[in-house]
Amino acid sequence: MSQAEQNDTDNNVDDNFSSSCNDSLNNTFDNDDSLAVLDISAADSIDDDILESFYNRENLLKVMMATLDNIDERIKNGLTLPYYADIDTEVWQEKSKALDIYITDTVEGQELNLEARGKDYATNILSYPSDLPAAIIGLMPTLPLGELVICHGVLVREAAEQNKTVNQHISHLLIHGVLHLLGFDHELGQAEQDEMESFEIDILAGLALPNPYL
């Protein structure tokens, strides 16, 4: 597991999560399992009701695929993925992608953030890129993106503070986290922050969700 990257999102959206996110994508992703592998697990402290209410696999898979489809279109127009620059474009686009998501509480979230980043508090989401060599990825049938660790308690608190639904915040953080797994990092400078935010805004718009940075 490589060094984690924090996905901080300070936004002020007050719109509710739109059900049209599901409607607009139902036909597009009927065959999601052929395009991506999504594994969702949780700490023992996260009960089944939380997982069913907020971390429905179908919903998260749609957000994941919307993100990857948007990036694929950008790759066709010359975008280079920082962590996959050595991967041939055709190889990248022909392989299904694998993503692990782990849901935890604030206690473990704080421990993981301290271990990974030396910061003694629980943050909303941590990204652990797969960090595999290009030669290894080329031999694998599925391309592993890495793991996202979501601290549910922090996410719920932030959603309340920002006057939006938990599901809406999850969608934004998932997009944000996947972009980090591809190598984009808003902490490198203003240009990198602007680029990453523009990607997020565009992907969210495609899911009928508003700009989180207004």
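**Exercise 1. Find the side-chain partners of asparagine 70 and decide how the residue is placed.**

Step 1. In this predicted model, the side chains of asparagine 70 and aspartate 202 are joined by a polar contact of 2.8 Å.

Step 2. Another polar contact, also 2.8 Å, links the side chain of asparagine 70 to that of arginine 74.

Step 3. Locate the residue: asparagine 70 belongs to helix 4, which covers residues 57–76.

Step 4. Leave out residues up to four places away in sequence; asparagine 70 then touches Asp202 and Ile203.

Step 5. Is asparagine 70 buried or exposed? Its relative accessibility is 15%. The cut-off for buried is under 20%, so asparagine 70 counts as buried.

**Exercise 2. Work out how the buried residues of helix 8 are arranged and what covers them.**

Step 1. List the buried residues of helix 8 (residues 152–161): His152, Val154, Leu155, Glu158 and Ala159.

Step 2. Why are these residues on the same side of helix 8? Around the axis they cover an arc of only 160°, so they lie on the same side of helix 8.

Step 3. Turn to the face away from the buried side of helix 8: Ala160 and Glu161 are the exposed residues there.

Step 4. Name what covers the buried residues. The cover includes helix 3 (48–54), helix 6 (106–117) and helix 9 (166–181), along with strand 3 (96–104) and strand 5 (142–151).

Step 5. Look past the end of the helix. Asparagine 163 follows helix 8 and has a positive phi, near 55°.

**Exercise 3. Decide which stretch of the model calls for caution.**

Step 1. Start with the protein chain as a whole: its average pLDDT is 86, and 84% of the residues score at least 70.

Step 2. Where is the pLDDT below 50? It is below 50 over residues 9–33. Beyond near neighbours in sequence, this stretch has 55 contacts in the model.

Step 3. Apply the general rule: where pLDDT is low, predicted coordinates should not be read in detail.

Notes:
Residues are numbered from 1 along each chain as its sequence is written. This is a predicted model: local features need pLDDT of at least 70, side-chain atom pairs count only at pLDDT 80 or more; totals for chains, interfaces and linings use all residues. Side-chain values use heavy atoms; hydrogens and water are left out. pLDDT is the predictor's confidence in each residue, from 0 to 100. Contact means heavy atoms within 4.5 Å. Helices (H or I, at least four residues) and strands (E, at least two) are DSSP runs, numbered from the N terminus. Buried means under 20% relative accessible area, exposed over 50%, partly exposed in between (1.4 Å probe, protein chains only). A polar contact is a pair of N or O atoms within 3.5 Å; within protein, one must be able to donate a hydrogen and the other to accept it, and residues adjacent in sequence count only if both atoms are side-chain atoms. The arc is that of the directions from the helix axis to the C-beta atoms.
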